[in-house]
There are 2 protein chains.
Amino acid sequence: MSGESIFNVEFRSDGVCVGKLRNEVTNEALIPFKVTRTLATDEGRFQGGEDTAPTPLDYFLTGLVGCVMTQIRVFAKKLAIDLSDLEVGCSAKWDAVADPVGPYQARPAGFEISIDLTSDAPADKVKDLIAASKRACFVEATLAQANDIKHSLRINDGEAVSV
Amino acid sequence: MSGESIFNVEFRSDGVCVGKLRNEVTNEALIPFKVTRTLATDEGRFQGGEDTAPTPLDYFLTGLVGCVMTQIRVFAKKLAIDLSDLEVGCSAKWDAVADPVGPYQARPAGFEISIDLTSDAPADKVKDLIAASKRACFVEATLAQANDIKHSLRINDGEAVSV
């Protein structure tokens, strides 16, 4: 990856509890555009939820597939590569394995992304487009690396501490 | 992480293009429960979209925050730790940097997750709960590691090739 930043992207999300397992998450795009949207998550009844909204994994995978698709569509135009009938699929797997404290821990087991499209462009040009779109997809680039995730915890309105 | 699988999670997502930059993604939970849900993504007008739906990053971050919250709520019950007024925030940053082919490539610049809650339990118990929830959150565990992401490409109904 090369050095200089062309532009930045920054989001702030804030979730509150509503209902048994329903969460309402307000997402604020801060940079490079400003827009605020609230989305709700829930779980099915047999998991203790009330099934009032899609699950977190539905959102997560929609974000991944939607980001890959958007990147391919936008870059095809910018690179003047003919493209139609784009379909993107994703199979995602996780294992839940034993944990010393909680009921289990999550072990991600990989993603398989299938891209299906119609194009009059040479196959090599299409492959270059897909490779560039993979590098540019904010979600896929995030999944491809081990990310720096910091946590702070504040109990009973006390001081926030790193955890 | 320890070895044996307690249960598996498997999703299949399929996205189609609808409108200028709108995508409709059908998410099918296959294991351990079965449910199908279609969610739409779009982009704002200045990005070439029609603003008919949240962006992929809205979905992605709702998935992350919703998954962390759900895990904390479910595990608090299972571990019998008193908990109320849970709020989870997340600041997420990316840089777009130069790319040899496309307009830019994405460089994820980290996540800061803030957890705010009320509890009568000892602070150490709450910290153990948060640590276990981080390990168990399917989305956070995915972001914390470099994932295996395979791609296949099929042009003009030809043979699918790895890309």
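**View 1. Strands β1 and β2 of chain A pair side by side.** β1(A) and strand β2 (residues 23-31) of chain A are antiparallel and share 8 bridges; strands count as paired if DSSP finds at least two bridges between them. Strands here are DSSP runs (E, at least two residues), numbered from the N terminus. Look for A:E10, whose bridge partner in β2(A) is A:I31. The hairpin of these two strands has 5 residues between them, and A:G19 takes a positive phi near 80 degrees there. Everything shown comes from a predicted model, where local features need pLDDT of at least 70, side-chain atom pairs count only at pLDDT 80 or more, and totals for chains, interfaces and linings use all residues. Residues are numbered from 1 along each chain as its sequence is written, and chains are lettered from A and ligands numbered from 1 in the order in which they are written.

**View 2. Strand β1 of chain A also meets chain B.** Here β1 (residues 5-17) of chain A runs antiparallel to strand β4 (residues 84-97) of chain B, joined by 11 bridges. Find A:V16 and you will see B:E87 of β4(B) opposite.

**View 3. Chain B can be laid on chain A.** A turn of 180 degrees and a shift of 0.0 Å along the axis do this with an RMSD of 0.0 Å, after least-squares superposition on the C-alpha atoms of residues with pLDDT of at least 70 in both copies. That is the relation of a two-fold axis.

Methods:
Helices (H or I, at least four residues) and strands (E, at least two) are DSSP runs, numbered from the N terminus.
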